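Colleague: I would like to learn how to read a few features of a model, taking the general idea before the particular case.

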Amino acid sequence: MDGAELTGKKVLITGASGFTGRHAVTYFQSIGAKVAAVVRRPDAYSFGENVGVYVCDLNNKHQVRDMIKQIQPDYVLHLAGKNSVPDSWADPLLVLETNVMAVLYLLDALRSCPEARTVIVGSRLKYTPEPGRIPQPPHPYSLSKALEEMVSLSWMSLFGQQIMLAEPGNLIGAGPSTGICSLLARHVATCEQAGKTEAFRLSGRDNTRDFLDVRDAVRAYAALLLHGTSGTVYPVVSGVERSLGEIADLLLSMTEADVPIRWDGASSGPDGAGEQEEVSELRKLGWQPQIPFEASLRDILSDVRAQQGRTTG
């Protein structure tokens, strides 16, 4: 799946200045799509030439409607939203408004483009209610992503729109990520520059997670835009569980600096049971991960070193 079918098509990307959004703009531009990058502020990020930048507050339904009317997209990749659990406790209404109402404003505006295909990027941290039980979401963010999914699928049913949902795992890669791999890479680069620092604290070495390069995730979103089945929720994962100990060891092998790490807490084992089977749904569409995990870590470390004024290990 090389995305050639998207050449010349208008692809609208919300959250374009974010971690995944920057990679998405780069990818869709590289395959010849007409990219409309949607940002909240005009100075959010410089995308270079041949990318249409649209400033829009997705919580303003009138702005959203005017933007969709102007662009008339063939495909929509919705990446915008609040994705911080701590922020959801600090301001739960803002997180609900941003993650739920913005989706509704976008999908309602897209009713004027009945042929448009839309991928809504959700989260595997969404809350799944149990029938007959009082809802007990672990945090407001989890609730917001559950509601986002429900209203997206409901809009599909009510108005016949073509809507697919993607649930990415832990995405890694160069750029402004706050994931564990990027945080640890920043610690390594800081130790290279400043020498001894306080230890970086991690949970048990054997704790595992599924990690996927963000560039592979973007290719998965392209596959869903083209060939995904409307109304389907697709896990976007590698299907491989990796331990925190493996991540730390790999990053430490890429430096000669003394990098202190402190292991706190007990190991809990895998947190992604069944993901090997789930990833097969995407592979049926011609997608599979291409970027080796170690290469992803090297790219992250190189990017962090460059940001901190260091280009070699």
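Colleague: Is Phe 293 buried or exposed, and what is its relative accessible area?

Modeller: This is a predicted model, in which local features need pLDDT of at least 70 and side-chain atom pairs count only at pLDDT 80 or more, while totals for chains, interfaces and linings use all residues. Residues are numbered from 1 along each chain as its sequence is written, and side-chain values use heavy atoms, with hydrogens and water left out. Buried means under 20% relative accessible area, exposed over 50% and partly exposed in between, with a 1.4 Å probe and protein chains only. Phe 293, with a relative accessible area of 8%, is buried, and Phe 211 is buried at 5%.

Colleague: How many aromatic pairs does the structure hold?

Modeller: Rings of Phe, Tyr and Trp (its six-membered ring) pair if their centres lie within 6.5 Å, and planes under 30 degrees apart count as stacked, over 60 as edge-to-face and the rest as tilted. The structure holds four such pairs; among them, Tyr 27 and Phe 28 are edge-to-face, at 5.3 Å centre to centre with 75 degrees between the planes. Both Tyr 27 and Phe 28 are buried. The rings of Phe 211 and Phe 293 have centres 5.9 Å apart and planes at 45 degrees, so that pair is tilted.

Colleague: Which residue lies over the face of Phe 159?

Modeller: A charge sits over a ring if NZ of Lys or CZ of Arg is within 6 Å of the ring centre and within 35 degrees of the ring normal. Here Arg 111 lies over the face of Phe 159, at 4.0 Å from the ring centre.
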